[in-house]
Amino acid sequence: EQINKGKYEHYMQKEIHEQPESLTTTMRGRLIRGGSCKVKTVLLGGLKDHIKTIRRSRRIVFIGCGTSYNAALAARPIIEELSGVPVTMEIASDLVDRQGPIYREDTAVFVSQSGETADTLLALEYALENGALCVGITNTVGSAIARKTHCGIHINAGCEIGVASTKAYTSQIVVMAMLALAIGDDAISSQTRREAIIDGLIDLPNKVREVLKLDQEMKDLAKLLMAEQSLLVFGRGYNFATALEGALKVKEVSLMHSEGMLAGEMKHGPLALVDENLPIIVIATRDACFSKQQSVIQQLHARKGRLIVMCSKGDAASVCAGGSCRVIEVPQVEDCLQPVVNIVPLQLLAYHLTVLRGHNVDQPRNLAKSVTTQ
Ligand code: AGP
């Protein structure tokens, strides 16, 4: 059933819409709601013999390419917060190019949907040679990365056929949020926070079902943007990754130039691009960075920027005060899970832009689902 399109026209469309179910499968059997002592926790069978080593490692290094790298970037803040272990990020090819330092005391986490990406595999071999504990997060049982790592977590998102990764991205973030919970499981000080995240995870498929209702709205937005040359996406904090991933989706399938940018860097160059024509999506959902994003919106208004603001439900009027903008309102969830909700409208936008511009949705030119050559 997973490999036919059912009622959908394209695999990418089907895979976007099946995210409530794929997320449910990713979490199945892994969230423990608490027994007699009422403690909520997570169970990651593949890591049970290694979690203490990960907790004690000197550093956690996330390694991946493209969307898988972006998923790790989205999870980085919650891993740092709950583990207290420094987290660094590596694009697989860059780590190999630099022969960057990897130590025996490191935990190296390899994130890959296919488990076969050549750059990620090479980085894995390099990390194994350097003695790090290697953890795989893949969607393919028996894949090279699943086999060669010391331990790992299968994301269970189901077969993904569209070249543009969609449901694997959201399942990867959820798995890494669960990894953060498992590493931080021994800290009493963060128990309330961890329980709130577990409650958020349990409700996440419903929130994704809710945000999928924006489909027609995103199609209308795509109609408005389809003739544009370029699109910018600004995010920060948990949603810097959303900006990168949203822009990657738009460029790889709709073939429209698109860049995701860290909003904190706006004044250091990108601001020069702003005028009344260039469409800019600003992600300004509620979290610790919200007031900073409000100030970014004000600065863009002052330059007559053409803004599309993604905000939490109920914030439409306040985020656009001081100028005109189009708004995408999304349900609010626990801050570390918000990237899972926020990427969905951007996946829908990329999909509709592609159909309207007449490009191949599931097999974009020059791209392969799994990049097995360097
Ligand atoms: C995602 O939409 C892309 N097709 C691409 O960036 C992909 O995520 C990257 O090639 C990594 O693939 P992997 O997850 O299978 O390793």
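**Overall architecture**

Among contacts in the protein between residues at least 6 apart in sequence, 75% join residues at least 24 apart. The model is a predicted one, and its secondary structure consists of 14 helices and 12 strands.

- Along the principal axes, the C-alpha atoms occupy a box of roughly 55 × 45 × 45 Å.
- Of the 374 residues in the protein, 52% are buried.

**Surroundings of the ligand**

- There are 15 residues around the ligand, and those that come nearest are Gly66, Thr67, Ser112, Ser114 and Thr117.
- Helix α4, which spans residues 66-83, gives the most to this shell, with three residues.
- By class, the shell has four nonpolar residues, 10 polar residues and one charged residue.

**A pair of helices: α2 and α9**

- The axes of helix α2 (residues 19-27) and helix α9 (residues 191-211) come within 8 Å of each other and cross at roughly 170°.
- Because an angle over 145 degrees counts as roughly antiparallel, α2 is roughly antiparallel to α9.
- On the side of α2, the contact is made by Gln19, Pro20, Leu23, Thr24 and Met27. On the side of α9, Leu201, Leu204, Pro205, Val208 and Arg209 take part.
- The residues in the contact of α2 with α9 comprise seven nonpolar, two polar and one charged.

- Asn156 lies in the loop between β7 (151-154) and α8 (167-183). Its phi is near 55°, a positive value in a residue other than glycine.
- Leu255 is placed in the loop between α11 (240-254) and β9 (257-262). Although Leu255 is not a glycine, it has a positive phi of about 60°.
- With 17 C-beta neighbours inside 10 Å, Leu255 also counts as partly exposed.

**A residue in a strand: Cys311**

- Cys311 belongs to strand β11, which covers residues 306-312.
- Is Cys311 buried or partly exposed? Cys311 counts as buried, because 26 C-beta neighbours lie inside 10 Å.
- Leaving aside residues up to four places away in sequence, Cys311 touches Ala284, Thr285, Ala316, Val319, Val327 and Glu329.
- Cys311 and Gln332 are 21 residues apart along the chain, and their C-alpha atoms are separated by 8.7 Å.

**A residue in a loop: Leu273**

- Leu273 is found in the loop between β9 and β10 (279-284).
- Since 15 other C-beta atoms lie within 10 Å, Leu273 is partly exposed.
- Which residues does Leu273 touch, not counting residues up to four places away in sequence? The residues in question are Leu232 and Leu278.
- From C-alpha to C-alpha, Leu273 and Gly6 are 43 Å apart in space, and 267 residues separate them in sequence.

Key. Residues numbered from 1 in each chain as written. Predicted model: local features only at pLDDT ≥ 70, side-chain atom pairs only at ≥ 80, totals over all residues. Near = placed C-beta within 6 Å. Helix = DSSP H or I, 4+ residues; strand = E, 2+ residues; numbered from the N terminus. Nonpolar A, V, L, I, M, F, W, Y, C, P; charged D, E, K, R; others polar. Axes fitted to C-alpha atoms, helices over the stretch in contact; angles between N-to-C directions. Parallel < 35°, antiparallel > 145°, perpendicular 65-115°, else oblique. Contact = placed C-beta atoms within 7 Å. Buried ≥ 20, exposed ≤ 12 C-beta atoms within 10 Å, placed from the backbone.
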